[in-house]
Amino acid sequence: APDSADAVLEGLDPEQREVATALHGPVCVLAGAGTGKTRAITHRIAYGVRAGIMQPASVLAVTFTNRAAGEMRGRLRQLGAAGVQARTFHSAALRQLQYFWPKAVGGELPRLLDRKIQIVAEAAAREGLRLDRGELRDVAGEIEWAKVTQTVPEDYPAAAAKAGREVPRDAAELTGIYRAYEQLKRERTVIDFEDVLLLTVGVLSDRADIAEQVQQQYQHFVVDEYQDVSPLQQRLLELWLGERDGLCVVGDASQTIYSFTGATPDHLLDFRNRHPNATVVKLVRDYRSTPQVVQLANGLLNQASGRAAAHRLELVAQREPGPVPAYVEYGDEPEEADGTARRIRKLLDSGVPASEIAVLYRINAQSEVYEQALADHGVPYQLRGAERFFERPEVREAGVALRGAARAGGNDALLDDAVGLASQVRAVLGSMKGGGWKPEAPAGSGAVRDRWESLAALVRLAEDFGRARPSASLADFVAELAERAAAQHAPTVEGVTLASLHAAKGLEWDAVFLVGLTEGMLPITYAKTDEQVEEERRLLYVGVTRARQHLCLSWALARSPGGRASRRPSRFLDGLRPGSAGARPGAGSVVGGQGGIERGAGGGARRGQPAAPRQRRQVRCRVCGRTLTQAGEIKLVRCEDCPAELDEALYERLHDWRT
Ligand code: ATP
Ligand code: MG
């Protein structure tokens, strides 16, 4: 370990050093992906501590996920600055609240509710409304949005309209459910996740003595991923800070991807207005990616519009040239998954570790084909931020319904061709309790849509299966599902990462596969307004900038083998993808190598490869991602560090977005 504070500055460029040594006054770092923002703030803390200017216990570093917090603590330890608090807003607030509650309110902090959906359902019932599970989750999501944007029930309809929210029910009904939900929580003396922040804000604003105590404890605040801070988190930060200015924030407006939850880059972009004496540092050197990847990222930013885009900074590549990004067009989706698995196999064989490879997609329902293809090729994988396809609640429910129908003996006169099996499956899924499947996708995003997508993926499996085996019965299909589930469940320790683009934030891999890049998927169909489409473009920017070296962008023209080739590549690739209008010759290649669109070959036989060797069962904490070792059946896994009693909706949200 280095033995003087200055040693911590080695390995930083001049601008990063400026960040690391600006220990007094507000500091704002505006910089693109891979420019070393996270590194700069970590070294800043280490420098401050080792120079004796910051007491470790007086620093609060706020990160976006518990996992990122854990990584920062580890890094700080390595840099000789152990004992610094690195937490998410929630975990920092929860600790403070638990500590101050007896003094501020008396008694113990109310329990964090563990079945939020249940309470939302009861609240709806009080309002005389019956909602299915998906609707309940979407309503819960709206209540969360209202709370993080500090919107009271009465103001919800106007605020939701102004923000262009897709309201899952009538806005007035939502106001009623929201109010009843808050009332029910009071009656039962429980609080939800947002209450943790709201109550902390309440205690700190009402009790000057407590605010002072917190302020005495913490002198230095550092916030990573500041572009995705919510108004409520910002309020909390202001209360922590008080009149002082020991605040350092870093962010990239071009990576704002959580607007739909109430986050906004405005706090980042307005930082200098709020803190006129702030040191503002811009970092432009990209240390993560090859020039080829950086060129593509810059190309994407050049096409962006809106407030975030106006603040973009052109990235300047620092690394040696690497492979040209591959653009691969496949005939259909299973082919795309198979082709991706083959490329991954090749990388593994050439020595790239599985943990250095990621497959990123827009929505979690896309994971199924990739889980299957990787299992077929014996490639270990792990999902980040979501359950494996066959472990998702709606897929389990569907499995139960299909097994029941198969046992009841489907009418085999109906099942004489492929259409028979698929329509039988559609019928069974359509009659599921708690919201049956319908052929039409529900409008908007959210849990109803996610559920629909999963069930639609099952219907597509039935269609493909029926086509491949025209005489298949429902029982055969059920057996096929069981087989797939078993293959996909092969537990792995370190595998290829499968994750949604949202869950990939802040991370990096040697090789990144961005899959399913078609119109309708990216931008996703329900992104309608210009702002929503811009957020979709930023998602692609986040995806591209996760790659250190190998980047592969792919899409499939048809959904299933032999299907109509009706899809077209994402509009975001226009002008970048070789051969598209406006693309420069050799787009995608900076040095050597002439980029062209490759045609992905079909994989032929998909089955029969040996499955991944069985490994000791290791699981990750579903909340912070830390690896835990356990035996036996695991339901809800979480480590001691994570807040206890997470409710189901929160748990799912953490899955989707935060871990
Ligand atoms: P993101 O916007 O994706 O969160 P970031 O700006 O936080 O990215 P980091 O994750 O801090 O970027 O850094 C990206 C990569 O570049 C990391 O692997 C980091 O170790 C490396 N890196 C950063 N700065 C330097 C430097 N001065 N010299 C060498 N490597 C660096
Ligand atoms: Mg970062």
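**Cores, domains and a ligand site**

In this predicted model, the largest nonpolar core comprises 144 residues, and those with the most contacts inside it are V29, I45, V120, A297, L360, V496 and V544. Helix α6 (residues 133-148) supplies the largest share of this core, seven residues. In soluble globular proteins, nonpolar side chains tend to be buried together. One of the residues named above, A297, touches A33, L315, Y541, V544 and T545, if residues up to four places away in sequence are not counted. Another core, of 19 residues, lies apart from the largest one; among its members are F389, A398, V425 and A472.

The domain assignment divides the protein into domain 1 (5-94 + 198-283), domain 2 (114-191), domain 3 (291-388 + 495-608), domain 4 (391-487) and domain 5 (616-659). The centres of domain 1 and domain 2, taken over C-alpha atoms, are separated by 32 Å. Seven residues from domain 1 and six residues from domain 2 take part in the contact between them. On the side of domain 1 that touches domain 2, the elements giving two or more residues are α9 (193-206) and α11 (231-241). That side has four nonpolar, three polar and no charged residues.

The ligand site may be considered next. Ligand 1 is surrounded by 19 residues, of which the closest are G36, K37, T38, R39 and Y287. Helix α2 (residues 37-50) contributes the largest share of this shell, three residues. By class, the shell around ligand 1 consists of four nonpolar, nine polar and six charged residues.

Key:
Residues numbered from 1 in each chain as written. Chains lettered and ligands numbered in written order. Predicted model: local features only at pLDDT ≥ 70, side-chain atom pairs only at ≥ 80, totals over all residues. Near = placed C-beta within 6 Å. Helix = DSSP H or I, 4+ residues; strand = E, 2+ residues; numbered from the N terminus. Nonpolar A, V, L, I, M, F, W, Y, C, P; charged D, E, K, R; others polar. Core = buried A, V, L, I, M, F, W, Y, C linked by C-beta atoms within 7 Å. Buried ≥ 20, exposed ≤ 12 C-beta atoms within 10 Å, placed from the backbone. Contact = placed C-beta atoms within 7 Å. Domains from an automatic or database assignment.
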